[in-house]
Structures are given as C-alpha cells and as structure tokens.
Amino acid sequence: MSDRGLDPTWFERAVEAAGHAIFITDFDGRIIYVNPAFEAVTGYDAADALGHTPDLFNSGHHDADYFGRLWRTILAGEVWQEEIVNRRADGNVYIANQTIAPIRSTEDDSITHFVAIQTDITERKHHEMALERSQDLSARTEETADIGGWELDFEAEQLRWTAGTRRIHGVGPDYEPTIEEALSFYHPDDRDKIRTFVERALEWNLPYDVEARLVTTDGTTRLVRTTGQPIAGDDTPVLRGTIQDITERKARRQQLMVFNRVLRHNLRNSLNVMIGRAEEIERALDGVSVEDTEDAAVLDRVGSDARHIVSAAEDLLETSERARTFDRIYEQIRDVKPVEVRPLLERVAAEYRDACPTATVRVEGPDVVVLANPHAVHVAVDELVDNALEHATDDRPVVTLGVAEADGTLRLTVADRGDGIPEMEREVIADGEERPLKHGSGLGLWIVKWLVTPIGGSIEIEDNDPSGAVVSIVFPASRWQSNDDESA
C-alpha cells in the first residue's frame, strides 16, 4: 500500500490507540511488539512478553493439530482467523477472536514477520453459552412435557413458534405461519372459539386458558390446551402463550370419568333400592303392635336401624350428586370470564336464607370483578357456607360472606362462629395430600381447593374471633379489579 505522503508514525499511533490487542512476532514466532491493549487483555506487561512466543499464554485448551493448522496457514502466506482460548497472566482463561496475517518483505516478497490481532469475546461467549444452555433446557423441557410456546405481534402481524409448537403441529423446523394459517390448524368447530379468545385477550387485556382440537399436517386430530397472556409493550399489542398436547391425559381422564359415572350410577341404583326397602320396613313396623316388652324393644331397634339406613343412604346420594356437579364444572374449569363477585355472594346468601330460616347469612364488602369460572366460584362459596352451617354450635348460626382487598390480593371470605376446623384438616388441605394417619373428614374443603386452584386462586384457613373459622378464597392482583375499573 502506498503511504500517499502520510507520516509513518501515524500508523504507529493508530496501532497504539487501537482497542484490540495487537502483537507482532518475527518469523520464528518471538514477540517483538505489543500495543497497550495487549497488556490490558492478556495481563502481561510488554517487558514480560517481548522475546517470548505466544505459547506464553497457552491455556492448554487446544491440541497440537490446532496449532499445526495455524502455522501451515500463515506460512503459506494466508490469513488465519479463528477463536482461541488463552490464559491471562493471572491464570484466568479468556476467549478471543484472533486474526494472524503474514508480513512480507518489500524486497523479495518473503514472509518476515506476523501480526496478530485479538478481540476479547469472553463475556459475549459466556452469554452465548448461557443462552445455548437455556435454549437446550427449554427444548428438552418442551419435548418432555409435549409443550410449545408462541408469540403474536398483532400490529406487525407476526407469529413466532418455538420448536415444541412446530412439533405439536407436525411441521418442519423452518415453518413460519401467518395468523390465519395458525388458526387453520384448529378443528373447524373449534376455530371460531380460539379466534374469539385471541381477540378478547387483545381487546380486553385478558389472559385465556382453553382446550381445543388441533388437526396436524398429517391429518391427526389432537386435543391441545392453549393459553394466551397479553404482554405490555411499546404501544404494540403482544400476546404470548403456550400450547400443550393433552390427548393422552384427556383420554385417561375420560376413562376415569366413565368408571366414575358407572360407579355413581350403580351406587345410586343400589342406594335407592336400600332406601325403598328400609322405608317398607318402617311402614310395616308402624302397623305392628306387640304386648311383649322384649318384642317391642326389638321392633323399636329394627325401626331405628331402618331410619339410620335411610339417612345414611340419602347422605351417600347427596355425595354422589356433589361429585356429579363437580365433574360437570371441572370439565369446563378453564372457561373463565369476568365475574361480579358481590351479586354472586348475594345469590348464595339468598339460597341459604330460604333453606335455613333460623340462620343469618349476610354479605359485606365492595363489589369487584374476578376473572374466573363463575360456576366454580359459586359452588366453592356454596360448599363453604354449607360447611359453616353444618358445623354450627348455635341454634341461630351467623355466617358472613366477605369481600376484601389486602396487599393487592382479593379475598372472598366465609366466616362462622362454630367450633372451628381441626388443625389436621387444615394441614391436609394446605399440603394437598392425604395419608393413612393424616386425612380430612369430608369432601367440602377438597372441592373448594380443586375448583379454586385451576383458576389461579388459593385457599387459606384461619381462626375466627372469638370462635369459629374464616376460610378465604384468595385471588392474586392479576385476576381481579374493582367494579369501577371494569365499567370505566
């Protein structure tokens, strides 16, 4: 290159000011020059490096073949460019992007020296490796759980799928669908439902969680659970979500439901027969009179036993009906919508005022809106009120249904003045697991937990003052808002 009249010291000053580590070796590889950045990157002072070969900062990471290829390249007059793992003066390893070029003599064009430029990319490589590990973990997790992720930029009309989502749809790794193409994978009878949930999420800023049928590229119909969550962006609506293949899980649940239905059906029939026979015994005994005292006592016991049989059978029938109601609601548990809480609590209170005229069932607190399944919330509150009245110690029990906000959470409370809830039952509900020596006494609290948890809530139990219990259904801030905010 011609110097075009420039002062040669200009080049030296440029090299000295460069942010990259630069060093020059003679033909035998001994270092004859280093710039200030070299000292900063390698940790070696110029005095410590001059006269040595680059083996000074060899980390042992590369084998002889690596250095053999390096020397063959530069001795052939070609430029070497590749990453290298070196060791600094303090013993720490660093990664650099290294370029080595031969310097030729102006007289006979022979190679006399080599110039090496190193760019420290240690931090970037660590970030890249962390990202690769994270991506690998995500990919393995998606594959194991048969789940995928997606993101919809509605303004730009861009839809991005993860590898797991592509796998579920049965498409290749490079497939990039449009919004309409993605919707077209859903079964024709479910397509409008998914479209409605997406539009509602973007318009009302509401998350969704729904099950639908998906038809893959090979024509296989799968049942998937898909979720969507609006994400606050820079004035651009973004929806992120997941999709999970639940075909096998749904099939297992359907099998259990069939067994459950058959069991309940047979149980109801048998119990109805028992009730009918026991009532016949009661009627028959009503027309029998005996003078013998012992015979009369036997008949009284038989009549009492018949009444107990009727009562026990009716309790079992009621439990069977509760199980049927639970199954029906749980099947659609993730069909959530904005629910006005105060009117719902007033309806439950009114039902119990009619059924239990001696009880006082009142409602306190503001009107708020909860994003939930309305049937699930209604049955959960109903179970808590029923439990409170069943275990009341007063002939004129008082039950208070409350609505309160605390630290951003919403609490729907059912407070009574009964004999409280045993500690073991509280622990079982909190742990979510029963054991042979540690279990609850009924279904009520379990039904509440099973209905509330899938819609983002939790259940808490505390002592009431001066007696009784306060059971709270707690929703996080993301699941509720004041009724004023909703109407605004």
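**Notes on the predicted model**

1. Tyr44 counts as buried, since its relative accessibility is 14%, and the cut-off for that label is under 20%. Please keep in mind as you read on that this is a predicted model.

2. The whole structure holds 13 aromatic pairs. One of them joins Tyr44 and Phe57 in a tilted arrangement, with 6.4 Å from centre to centre and 45 degrees between the planes. This pair links distant parts of the chain, 13 residues apart: Tyr44 sits in the loop between α2 (36-42) and α3 (46-49), and Phe57 in the loop between α3 and α4. Phe57 is buried because its relative accessible area is 1%. Both residues belong to one aromatic cluster, together with Phe23 and Phe38.

3. Leu75 belongs to helix α4, which covers residues 64-75. Is Leu75 buried or exposed, or does it fall in between? With 43% relative accessibility, Leu75 counts as partly exposed.

4. There is also a charged patch to inspect. Glu314, Asp315, Glu318 and Glu390 gather on the surface as a patch of negative charge. Which helix gives the largest share of the negative patch? Helix α10 (residues 293-331) does, with three residues. Glu318 is found in helix α10 and counts as partly exposed because its relative accessibility is 44%.

5. Asp109 lies in the loop between β4 (93-104) and β5 (111-120), and its relative accessible area of 47% makes it partly exposed. Glu157, likewise not a glycine, has a positive phi of about 55 degrees. The loop that holds Glu157 runs between β6 (147-153) and β7 (158-161). Glu157 is exposed, because its relative accessible area is 60% and the label applies over 50%.

6. Which peptide bond is cis, with omega near 10 degrees? The one from Asp465 to Pro466. Pro466 is in the loop between β16 (458-463) and β17 (469-475).

Conventions
Residues are numbered from 1 along each chain as its sequence is written. This is a predicted model: local features need pLDDT of at least 70, side-chain atom pairs count only at pLDDT 80 or more; totals for chains, interfaces and linings use all residues. Side-chain values use heavy atoms; hydrogens and water are left out. Patches are made of residues with over 30% relative accessible area and no salt bridge: like charges are joined within 9 Å, nonpolar side chains (Val, Leu, Ile, Met, Phe, Trp, Tyr) within 5 Å. Accessible areas come from the Shrake-Rupley method with a 1.4 Å probe; for residues, only the protein chains shown count as cover. A salt bridge is a side-chain nitrogen of Lys or Arg within 4 Å of a carboxyl oxygen of Asp or Glu. Lys and Arg count as positive and Asp and Glu as negative; His and the chain ends are not counted. The place of a charge is taken as NZ of Lys, CZ of Arg, CG of Asp or CD of Glu. Helices (H or I, at least four residues) and strands (E, at least two) are DSSP runs, numbered from the N terminus. Buried means under 20% relative accessible area, exposed over 50%, partly exposed in between (1.4 Å probe, protein chains only). Rings of Phe, Tyr and Trp (its six-membered ring) pair if their centres lie within 6.5 Å; planes under 30 degrees apart count as stacked, over 60 as edge-to-face and the rest as tilted.
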